[in-house]
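The following exercises are intended for a reader who is meeting this structure for the first time.

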Amino acid sequence: MALLPDLGTEIVIPLCAVIGIVFSLVQWYLVSKVKLTPGTVAADNGKNGYEHLIEEEEGISGHDVVAKCADIQSAISEGATSFLYTEYRYVGVFMIIFAVLIFVFLGSVKGFSTSSQPCTYDTEKLCKPALATAAFSTISFLLGAVTSVVSGFLGMKIATYANARTTLEARKGVGKAFITAFRSGAVMGFLLAANGLLVLYIAINVFKIYYEDDWEGLFEAITGYGLGGSSMALFGRVGGGIYTKAADVGADLVGKVERNIPEDDPRNPAVIADNVGDNVGDIAGMGSDLFGSYAESSCAALVIASISSFGVNHDLTAMCYPLLISSMGILVCLITTLFATDFFEIKAVKEIEPALKNQLIISTVLMTVGIFIVSFTCLPSSFTIFNFGAQKVVRNWHLAFCVCVGLWAGLIIGFVTEYYTSNAYRPVQDVADSCRTGAATNVIFGLALGYKSVIIPIFAIAVSIFVSFSLAAMYGIAVAALGMLSTIATGLAIDAYGPISDNAGGIAEMAGMSHKIRERTDALDAAGNTTAAIGKGFAIGSAALVSLALFGAFVSRAAISTVDVLTPKVFIGLIVGAMLPYWFSAMTMKSVGSAALKMVEEVRRQFNTIPGIMEGTSKPDYATCVKISTDASIREMIPPGALVMLTPLIVGIFFGVETLSGVLAGALISGVQIAISASNTGGAWDNAKKYIEAGASEHARSLGPKGSDPHKAAVIGDTIGDPLKDTSGPSLNILIKLMAVESLVFAPFFATHGGLLFKL
């Protein structure tokens, strides 16, 4: 028996979730103390050990600056809110249609019968009717979808609330600005981690009232939660990604390359749309994406545990092991956050990036200790795990080791990503150097870097899979994925920090603040760029492990004994599955391209037809550019979304579960590779451009300044990389997870009625 009693589990999980929510509200309160009304800017008495620089801007009074920042912030906030409302209206319709599909398909497995049926894995026992599973799966799907949408929306709200406040704090020094941006990121990280955990825990307990001792049926119904989370994330990621990159490419190509004006210059008509895009793509999209990963890895672990000794013996504490790991993660991340905001103070620009990297290292080290504490207090010393029809004997330290393998693999992937995308290291400096001879060599070097950056992450994922599976079968892989995501609150805080700093820099430029302030916000933004790449690495690595665990659960549920690659049924699935990420990437990249084309034409039109824009005597029409991005992204997100959602249904119904298992394996294998290389190529091009712009070293100065031929070549590379790193790359990890979790939810239907073409 475990040391922690069931009652203890029932208290610990919701308590940790509530602590996470309270902590995020405290951070929100601290951010809100920075006032956006004139007259209170200088309310700081230098009590933090060094005197704050409260500079009056050249030629502008402090009051004017604050008022301008507040205006720009409200424009960004309104643009982001209206886009998300429009997106959620469309997504809401899809949500209702798909919920009906789930109910009809799963209900029809036993002809909508309301009588009890023999259990899937133990036919001597009676389980609840299939109709109940259909109803509860539909409810958990809607719960996951709503939680995902709320997570993304709240993240966007705090980001648009904090961006101007970060700009104003930059007047007092880089340390103050860093703390404001990081605290705002922490609000999102903790709200999302705690909400995801709390909603899942409440759902399990409410469902238990009906299911009683039928844990197999209960946790099968809970898988809908992961499907809901990821399906919303797909539309958030694709829609947000198309929005942000259409604006970004349009603003860069016309503003920087043709008109030679700085980034975020208020004369650029696409500048507000660009800043809105940072929030809807990088914040709302990323939030929903990581919530989806978290929900799915929990669901995959719970499904496998429910048919292992935990579920058979009704051992609640051991059954809730995945949730207890996440609870420990919230506490660990809370302590870690204090290191950045309270224990140490940043006094110089060069301390920003190490502070963010230390967050990852501290959380990983503390979590390693936390994992062993949870494993030895919440698990019996020995138990059995379901392994494709047999039960495998596993010890508690085996599971602890599996979670740690996932956790440390995540850190390795993060740091390899950083090595290939940060301009502090050789690879990006080589890409920058290649700009001497024009855009073509820049593109060649960037692509080569992306392909090369796949090698170590894939080995890290491969080792985690081998070790986890050897120790604890598919359950080991599911908890390894959970390990990678256990420090999600810190990961998301670092991720959200990037776009908030980016927006802060944009607001400083638009409000006409001094060069010194812009330098500080640029330093914050540069560090955020690198850590955002690390976050994408985590998301892709965890997606690979999560989808493999879901694949294992699907194969068990669909009663497939072996997936034999040599059978034609499976092989055709494998080859088609490997093609899907390419088809999906083509759709998303072309969408960005066509939306950017409209944006470029509109920005050019305004520069050519509205007199006085370049002189700064008349204002550009920002609203038209915002509308172009909104309309394009809503229209263009539907085909890629339909491709991902319909593929498992079509393959399962017409070709059956064996072919579908091939499709899932193929999509996982090629999707991970393309996602890593696309994200890193785009990140490297972006930072090569920033390396030349910053001119921090002799080498960088020899390539600059802004406006030189090498700089123009770097801007072209950055523009090509934009859809790769912010639309196609990050959306691919949702594709591989979503197809796997959807197949798992519909597995009973496919196993009973699927494979129509082979039955003819």
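**Exercise 1: The nonpolar patch**

Helix H17 (residues 568-609) contributes the most to the nonpolar patch, giving 6 residues. The model under study is a predicted one.

Task: Determine which residues form the nonpolar patch on the surface and what accessible area they have together.

Solution. The patch is formed by Val565, Phe571, Ile572, Ile575, Val576, Met579, Trp583 and Phe758. Together these residues have about 720 Å² of accessible area.

Task: Classify Trp583 as buried, partly exposed or exposed.

Solution. First, locate the residue: Trp583 is found in helix H17. Next, take its relative accessible area, which is 42%. Buried requires under 20% and exposed over 50%, with partly exposed in between. Trp583 is therefore partly exposed.

**Exercise 2: An aromatic pair**

Task: Among the 29 aromatic pairs that the structure holds, describe the geometry of the pair Phe83 and Tyr243.

Solution. A pair of aromatic rings is described by the distance of the centres and the angle of the planes. For Phe83 and Tyr243, the ring centres are 4.8 Å apart and the planes stand at 55°. Planes under 30 degrees apart count as stacked and those over 60 as edge-to-face, the rest being tilted. The pair of Phe83 and Tyr243 is therefore tilted.

The pair also links distant parts of the chain: Phe83 lies in helix H2 (residues 62-107) and Tyr243 in helix H5 (residues 215-258), 160 residues apart. Both Phe83 and Tyr243 are buried.

**Exercise 3: Charges over rings**

Task: State how far Lys128 lies from the ring centre of Tyr210, and how far the charged end of Arg165 sits from that of Tyr161.

Solution. Lys128 lies over the face of Tyr210, 5.0 Å from the ring centre. The charged end of Arg165 sits over the ring of Tyr161, at 3.9 Å from its centre.

**Exercise 4: Helix H4**

Task: Compare the span of helix H4 (residues 174-211) with the expected value.

Solution. H4 has 38 residues. At 1.5 Å a residue, the expected span is 56 Å. From its first C-alpha to its last, H4 reaches 55 Å, which is close to the expected value. H4 is mostly covered, with 32 of its 38 residues buried. Just after H4, Glu212 takes a positive phi of about 50°.

**Exercise 5: Leu471**

Task: Decide whether Leu471 counts as buried or exposed.

Solution. Leu471 lies in helix H14 (residues 455-485). Its relative accessibility is 17%, so Leu471 counts as buried. In sequence, Leu471 and Lys392 are 79 residues apart; in space, they are 9.2 Å apart, C-alpha to C-alpha.

Methods. Residues numbered from 1 in each chain as written. Predicted model: local features only at pLDDT ≥ 70, side-chain atom pairs only at ≥ 80, totals over all residues. Heavy atoms only, no water. Patch = residues over 30% accessible without salt bridge, like charges linked within 9 Å, V, L, I, M, F, W, Y side chains within 5 Å. Areas by Shrake-Rupley, 256 points an atom, 1.4 Å probe, with all protein chains shown as cover. Salt bridge = Lys/Arg side-chain N within 4 Å of Asp/Glu carboxyl O. Helix = DSSP H or I, 4+ residues; strand = E, 2+ residues; numbered from the N terminus. Buried < 20%, exposed > 50% of the residue type's maximum accessible area, 1.4 Å probe, protein only. Phe/Tyr/Trp six-rings, centres within 6.5 Å; stacked < 30°, edge-to-face > 60°. Lys NZ or Arg CZ within 6 Å of the ring centre and 35° of its normal. Expected span 1.5 Å × (residues − 1).
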